[in-house]
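Subject: A structure for you to look through

Hello,

Here is the structure I promised to pass on. Please open it beside this email and follow along as you read.

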Amino acid sequence: MTSVALTIAGSDSGGGAGIQADLKTFQELGVFGTSALTAVTAQNTLGVHGVYPLNASEVEKQICAVMDDFPVTAVKTGMLFSAEIIREVVRTLKYYQAPALIIDPVMIAKGGASLLQNEAVKALKEELLPLAAIITPNIPEAELLAGMKIETAMDIEKAAELLLEAGADAVVMKGGHLDNQEFAEDLFMSASGKKFKLRSERIHTKDTHGTGCTFSAAITASVAKGKRMEEAVRIAKDYIHVAIKEGLHLGKGHGPTNHWA
Ligand code: PLP
């Protein structure tokens, strides 16, 4: 049977991040991708040149259209932009008793553009996070969600524990923003007590646009196919490692990850 996943996220006109990255990842991993757009961005490899959010009711209509018709087995959220959109997404997913939810807490693009309003962080943490099968923050996102500075491996664990206490079933803390020249190391922890690190050699490249979206979409695809979360995270780590290693030198800025690698 064909597995179906839904991504609730923003559009990147440059095709490297957001909905576009999610759908490409779903496709490569053999999952039929559906989407609910939260915002349109005018964007390329040089940065975000405009952000145009949809109304919360327009987001809700799209989710309903998908959920009423398709056997969705995993849902992913990416850029949600505002507290209003987050609340509508929460309400709608609860109504459908939506399957496994993978949250990529997208906040700020690499170039510095805000993809989540400051006042929406609280709604994301208090209202959406309790629905999460897993949340996939990078270090700056984890700092904002956990309300603490993260500098050491112990800090990473402490912040992961706080996110589990806030209601997520599992968390994968992406260590790529830490200043380690040799490795990119992520930490997986679950509320059920599982804990392991995922380590890969660090790839020194500027072509990393859309890596976060691609990683969480790869987790979503495997979960949609029925894989256990630990296995889904390991598959996603392998997928993103190769996608960065073979990154595409497209555009004048940060090129996108490579989904054909
Ligand atoms: N644009 C959209 C719509 C996104 O969802 C994301 C993902 O986080 C980004 C841009 C940021 O991409 P990056 O920071 O990898 O350049």
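Let's start with a definition: a residue is buried if 20 or more other C-beta atoms lie within 10 Å of its own, exposed if 12 or fewer, and partly exposed in between, with C-beta atoms placed from the backbone. By that rule I203 is partly exposed, because 15 other C-beta atoms lie within 10 Å.

Two notes before you go on. The model is predicted, so local features need pLDDT of at least 70 and side-chain atom pairs count only at pLDDT 80 or more, while totals for chains, interfaces and linings use all residues. Residues are numbered from 1 along each chain as its sequence is written.

**The whole chain**

The chain has eight helices and nine strands. Helices (H or I, at least four residues) and strands (E, at least two) are DSSP runs, numbered from the N terminus. Along the principal axes, the C-alpha atoms fill a box of roughly 45 × 40 × 40 Å.

Of the 261 residues in the chain, 52% are buried. Two residues are in contact if their C-beta atoms, placed from the backbone, lie within 7 Å. Among contacts with a separation of 6 or more, 67% are between residues 24 or more positions apart.

The UniProt record, in an unreviewed entry, lists residues 12–258 as "domain: Pyridoxamine kinase/Phosphomethylpyrimidine kinase". UniProt positions are given in the numbering used here, feature names are shortened, and annotations may be inferred rather than shown by experiment. This span is 39% helix and 21% strand, and its end C-alpha atoms lie 16 Å apart.

**Around the ligand**

Which residues come nearest to the ligand? They are G10, A17, G18, M79 and K110, out of 18 residues around the ligand. Near here means that the C-beta atom, placed from the backbone, lies within 6 Å of the molecule or strand in question. The elements giving two or more residues to this shell are β1 (4–12), β2 (32–44) and α7 (211–224).

By class, the shell has seven nonpolar, nine polar and two charged residues. Ala, Val, Leu, Ile, Met, Phe, Trp, Tyr, Cys and Pro count as nonpolar, Asp, Glu, Lys and Arg as charged, and the others, Gly among them, as polar.

Is α1 (residues 18–28) mostly covered or mostly exposed? It is mostly covered, with nine of its eleven residues buried. G18, I19 and F26 are among those buried residues. The buried residues of α1 pack against β1, β2, β4 (72–77) and α7. After α1 comes G30, with a positive phi near 80 degrees.

The largest nonpolar core has 81 residues, and I134 and V171 have the most contacts inside it. A nonpolar core is a set of buried Ala, Val, Leu, Ile, Met, Phe, Trp, Tyr and Cys residues joined through C-beta atoms within 7 Å. Not counting residues up to four places away in sequence, V171 touches I134, I135, A160, L163, L164 and M189.

**Two positive phi values**

Most residues other than glycine have a negative phi. F81, in the loop between β4 and α3 (83–95), has a positive phi near 70 degrees. F81 counts as buried because it has 24 C-beta neighbours inside 10 Å. Q97, in the loop between α3 and β5 (101–103), has a positive phi near 45 degrees. Q97 counts as exposed, with 7 C-beta neighbours inside 10 Å.

Now back to I203, in the loop between β9 (195–201) and α7. Leaving aside its neighbours within four places in sequence, I203 is in contact with I244 and K245.

A109 is in the loop between β5 and α4 (120–128). With 23 C-beta neighbours inside 10 Å, A109 counts as buried. Its contacts, not counting residues up to four places away in sequence, are V48 and L115.

Finally, N258 lies in the segment after α8 (229–245). How far apart are the C-alpha atoms of N258 and K24? They are 9.7 Å apart in space, although 234 residues separate them in sequence.

Enjoy exploring!
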